[in-house]
Amino acid sequence: MDARTIDRGTRLAETGTSYDAIVVGAGFAGMYMLHRLRGIGFTAKVFEAGGGVGGTWYWNRYPGARCDVESMQYSFSFSEELDQEWSWSEKYSPQPEILAYADHIADRFDLRRDIVFDTRVTRATFDEKAKCWHIETDRGDKVSAKFCIMAVGCLSAPNRPRFEGIDDFKGPVYHTGEWPHEGVDFSGLRVGVIGTGSSAIQSIPVIAKQAAQLTVFQRTATWSVPAWNEALTAEYLKAAKAEYPALRAKARARPTGFYFPFNITPALDASPGERERLYEEAWARGGLPFLGAFGDLLFEKAANDTIADFARRKIRSIVKDPAVADLLCPDNVFGCKRLCVDTGYFETYNLPHVRLVDVSKKPIERFTVNGIVVDGIEYPVDAIVSATGFAAMTGAFDKIAITGRNGLTLAEKWRAGPRSYLGLASAGFPNLFTITGPGSPSVLASMIQAIEQHVDWLVDCLGHLRDIGASTIEARLEDEDAWVEHVNEVSKVSLRSTCSSWYVGTNIPGRPRVFMPYIGGFPIYVQKCNEVMSNGFDGFVLEGAAPTNIAPKVRYTERWRVPLDIEVISPAAVAAKRVPVV
Ligand code: FAD
Ligand code: NAP
């Protein structure tokens, strides 16, 4: 247990208390929600399954873990003082530093006194008479609250495939999303890594430096761009901080919620020579902004083919063994799954003790006492790293028995795919909110910005409900249906909907195929949320309030209002399919 972790082992269960709001989860979403709720005078309590704050950064301690949105932007923007006082050490800071930042937030804003750690919410039930939520935890707590806010995370429910013989394996099996706090020493060991998504891409080069032998089991080859990570100098930080408010404003105007230079012109309008030049430049900048080389890369297959061809040539130029290079070259749309950002990933396969096993046609057969069997061949390993991802976007909800009006459970309602109005609320579940829920930009934006925008909107909404004395707010079914339909329609415009990925839920066998995040772009989504608020919460039903003309006080939402014609995110650019969405 580290110094920041509070031992709640002997805590007595809390029963009978009533709050204005219960928040589930103490990642960046839950922390900011608590801070803002206090700011409007609400009583609130946060339950967190982990032993500390930070969510993703508390759980994902695997070697090499770091952000893939630059740290100067992958951070809260709500406090200029905070922006000025915190200094990131690297362009893409490592997990311990991001966790330290989360701890700093908790201390600076005195959040811990209202967070209960090591406690998982198991049940949330709406009481139609009392118009409140009854919340139960695995530690025996039974409390109630007018509002229940799910800040449970989009990537917080690890996916652990039940490989045959998994319990026979004599060594440890680690999941990247639940990494031991004390770290793992792979020195001298034969290690098997399953998966080649972002977590694997980051951890493989680091594990390879320690392990005696590394075997990577790859089902789908992955697109990855070098991070070109670097230390941030004092001079850089000074200059960047002087421009911080302007950077934050520019970021809010971007489809991704973070700023990077991009070129709106279509790839297919450029000559082959010009394309090559711009791809080289973008590759040299590295990271997710590589997709900003042209405006139509995620909309036109022929345009995408040009960037895919360039990236395949890069892989072949790095990986010395042509057969291994072939295996590492993806054949799907470039950037269809979440693009990976790496440091020395492809180079790792040039090391003599690293081998790649293709499990695309012949899947992993089983684990044995000594290793992993594929196509009848046993690969002996001493330790296994399961970099197999998450039951994304809805997985954390599946683990809570959430019951709304008329006994309807969220699990039943979402069986054929999540249904939510704006990713914020679901009809039949009054006063229950989801931060970065399915149907909002969430994972397609820089998530801290997506979180802040949701929390700011929600806090203005909750303040208004109190001002007018409303007892409940609930998404109206017709508006929810229309929004779900819109989210679906918009997703078809993007090539992102063409492959199997966690965006569509198909990384988990048996899950319905639904494109879950809203891909229409962050500022356009924000504009919709703002319109909903200024039109008196259009699409929501408010009950219990006397008729009133009181307009919502826009305390926090204001800063998300950006002119839609800034740079390239105008509706015309969207209509012309020239908005890269990372
Ligand atoms: P989380 O951080 O997931 O926090 C949710 C919390 O809720 C968890 O602590 C969990 O324990 C708790 N919880 C869940 N269910 C319950 C329950 N029933 N009871 C009690 N507690 C519960 N996004 C980016 O934009 N840029 C990046 O660079 C980036 N890098 C990432 C790297 C990794 C390794 C991963 C996995 C994700 C990354 N993400 C990134 C996405 C990341 O999840 C978000 O940026 C952000 O941290 C999410 O914050 P959150 O508070 O919404 O959710
Ligand atoms: P992921 O992208 O879903 O990757 C999981 C990997 O495991 C995939 O390669 C998948 O193969 C493989 N896999 C799953 N089940 C398998 C099975 N039964 N047999 C063989 N292989 C199997 O998960 P992730 O890497 O943890 O990343 C999830 C998301 O978290 C990312 O997309 C990103 O948004 C975020 N993240 C970000 C960073 C960062 O750079 N900051 C780091 C980590 C995570 P298939 O592709 O064939 O399904």
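Residues are numbered from 1 along each chain as its sequence is written, with chains lettered from A and ligands numbered from 1 in the order in which they are written. The model is predicted, so local features need pLDDT of at least 70 and side-chain atom pairs count only at pLDDT 80 or more, while totals for chains, interfaces and linings use all residues; side-chain values use heavy atoms, leaving out hydrogens and water.

**Exercise 1. Describe the surroundings of ligand 1.**

Step 1: find the shell. A residue is near a molecule if one of its heavy atoms lies within 4 Å of it. Ligand 1 is surrounded by 33 residues. Glu-48, Thr-56, Asp-68, Tyr-74 and Met-447 are the closest.

Step 2: list polar contacts (pairs of N or O atoms within 3.5 Å). The side chain of Thr-56 places a polar atom 2.7 Å from an oxygen atom of ligand 1. A polar backbone atom of Ala-49 is 3.0 Å from a nitrogen atom of the ligand. For Val-69, a backbone N or O atom lies 3.3 Å from a ligand oxygen atom.

Step 3: check the cover. On its own, ligand 1 has 980 Å² of accessible area (Shrake-Rupley method, 1.4 Å probe). The protein covers 95% of that area.

Step 4: assign elements. Helices are DSSP runs of H or I with at least four residues, strands are E runs of at least two, and both are numbered from the N terminus. Two or more shell residues come from each of α1 (28–39), α2 (56–59) and α14 (447–468). The most come from α2, with three residues.

Step 5: sort by class. Ala, Val, Leu, Ile, Met, Phe, Trp, Tyr, Cys and Pro count as nonpolar; Asp, Glu, Lys and Arg as charged; the others, Gly among them, as polar. The shell around ligand 1 has 20 nonpolar, ten polar and three charged residues.

**Exercise 2. Locate the disulfide and state what it joins.**

Step 1: apply the rule, a pair of cysteine sulfur atoms within 2.5 Å. The count is one disulfide.

Step 2: name the pair. Cys-336 and Cys-499 have sulfur atoms 2.3 Å apart. The link is left-handed, with -115° about the S-S bond.

Step 3: Cys-336 sits in the loop between α10 (322–328) and β11 (340–342), and Cys-499 in the loop between α15 (477–493) and α16 (522–534), so the pair ties together parts 163 residues apart in sequence.

**Exercise 3. Characterise the second largest pocket.**

Step 1: its space is about 290 Å³.

Step 2: 19 residues line the pocket; Glu-70, Gln-73, Tyr-236, Tyr-259 and Phe-260 lie nearest its centre. Helices α6 (234–242) and α7 (244–252) are the elements giving two or more residues to the lining.

Step 3: the lining divides into eleven nonpolar, two polar and six charged residues.

Notes
1 Å grid on protein atoms, 1.4 Å probe; cavity = no way out; pocket = protein on both sides within 12 Å on 5 of 7 lines; lining within 4 Å. Points joined across faces, edges and corners; volume = space filled by probe spheres on them. Polar contact = N/O pair within 3.5 Å; in protein donor to acceptor, adjacent residues only side chain to side chain.
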